[in-house]
Amino acid sequence: MNYDNYFKLTIPALSRNEGFARAAVSAFAAQLDPTVEELSDIKSAVSEAVTNCVVHAYRNMAVGQIYITMSITDRTLYIKIKDKGCGIEDIKRAMEPLYTSKPEEERAGLGFAVMESCSDKVRVRSTPGKGTTVTLITTLSKRELK
Amino acid sequence: MCIFIDRDRDPYTLVVYLIGEIDHHTAAQMRMIIDGEVENSLPRRLILDMEKVGFMDSSGVGLILGRQRLMKKLGGMLIIKNPCPAVHKILKLAGLEELIK
């Protein structure tokens, strides 16, 4: 694909990087002059995907990495959030609203529901034992100069 | 992340002003502080004022549901005040709009 612009970022899957990840993504999106609401949706979706990597992907393992690639084509954002963690056995179940594998940690089970309501499209590819890649795709509205 | 506690309103009400962004990282810290205060003062009403929260994801929903459970156990209630549109959207998605007063 022919990208207008992109960045790649690798960070350890630590909870204190959740805020950094969504700030980095929203700073990059700013070049398209999104609305306040669009920017807030991007931050919400990214926060959920990155939190899943921190909470679930590397459980019972040493802290792994989160690989974020964000690219822009016209006014469409492709945000790929990838881990090399445990993978998801049953993606359909994991994406059901209110389902969580960790109720004892006060997880609401709404991560994928938020991603879906804050993006145009969410793609999830996962291989148990190998890792998970979530791609968030959003086309921003056209801004007209006034 | 920052929290302001107002204990002086009346003996039955605990007002907690949440400040900053609520995610999985900050929610864990907020949870500890709020629960410590609730266990200390055993309020009837716990008010979470969210006027100064600019961002919240589903970890904030977990935080709210957990505090709602705690207040129910104490025979009390949880109230949310002043969410911004971004926070309101997440609360609506989680079916928690009825807590906003």
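This is a predicted model: local features need pLDDT of at least 70, side-chain atom pairs count only at pLDDT 80 or more; totals for chains, interfaces and linings use all residues.
Let me begin with the helix pair in chain B. Two packed helices are described by the angle between their axes and the distance between the axes. Here helix α1 of chain B, residues 24-41, packs against helix α2 of chain B, residues 58-73, at an angle of about 15°, and their axes lie 9 Å apart. By the cut-off I opened with, α1(B) and α2(B) are therefore roughly parallel to each other, and their crossing is right-handed. On the α1(B) side the contact is made by B:His24, B:Ala27, B:Met30, B:Arg31, B:Ile34, B:Asp35 and B:Val38, while α2(B) contributes B:Ser59, B:Gly60, B:Gly62, B:Leu63, B:Gly66, B:Arg67 and B:Leu70. Sorted by class, the residues of this contact divide into 6 nonpolar, 5 polar and 3 charged.

How far does the predictor trust chain B? Its mean pLDDT is 94, and 99% of its residues reach 70 or more. Among the elements of chain B, the lowest mean pLDDT, 79, belongs to strand β1, residues 2-10, and the highest, 97, to strand β4, residues 77-81.

The C-alpha trace of chain A spans about 50 × 30 × 30 Å along its principal axes. For 146 residues, a compact globule would have a radius of gyration near 15 Å, and the value for chain A, 15 Å, agrees with that.

Finally, the two chains together. For the complex, the predictor gives an ipTM of 0.91 and a pTM of 0.93. In the model, 20 residues of chain A are in contact with 17 residues of chain B. Which elements of chain A give two or more residues to the side that touches chain B? They are α1 (18-29), α2 (36-57) and α4 (111-118) of chain A, and the largest share, 8 residues, comes from α2(A). By class, that side of chain A has 6 nonpolar, 8 polar and 6 charged residues.

Terms used: Residues are numbered from 1 along each chain as its sequence is written. Chains are lettered from A and ligands numbered from 1 in the order in which they are written. Two residues are in contact if their C-beta atoms, placed from the backbone, lie within 7 Å. Helices (H or I, at least four residues) and strands (E, at least two) are DSSP runs, numbered from the N terminus. Ala, Val, Leu, Ile, Met, Phe, Trp, Tyr, Cys and Pro count as nonpolar, Asp, Glu, Lys and Arg as charged, and the others, Gly among them, as polar. Axes are lines fitted to C-alpha atoms, for helices over the stretch in contact, and angles run from 0 to 180 degrees between N-to-C directions. Angles under 35 degrees count as roughly parallel, over 145 as roughly antiparallel, 65 to 115 as roughly perpendicular and the rest as oblique. A crossing is left-handed if the near helix is turned anticlockwise from the far one by less than a right angle, and right-handed if clockwise. pLDDT is the predictor's confidence in each residue, from 0 to 100. The radius of gyration is taken over C-alpha atoms; the globule rule is 2.2 Å times the number of residues to the power 0.38.
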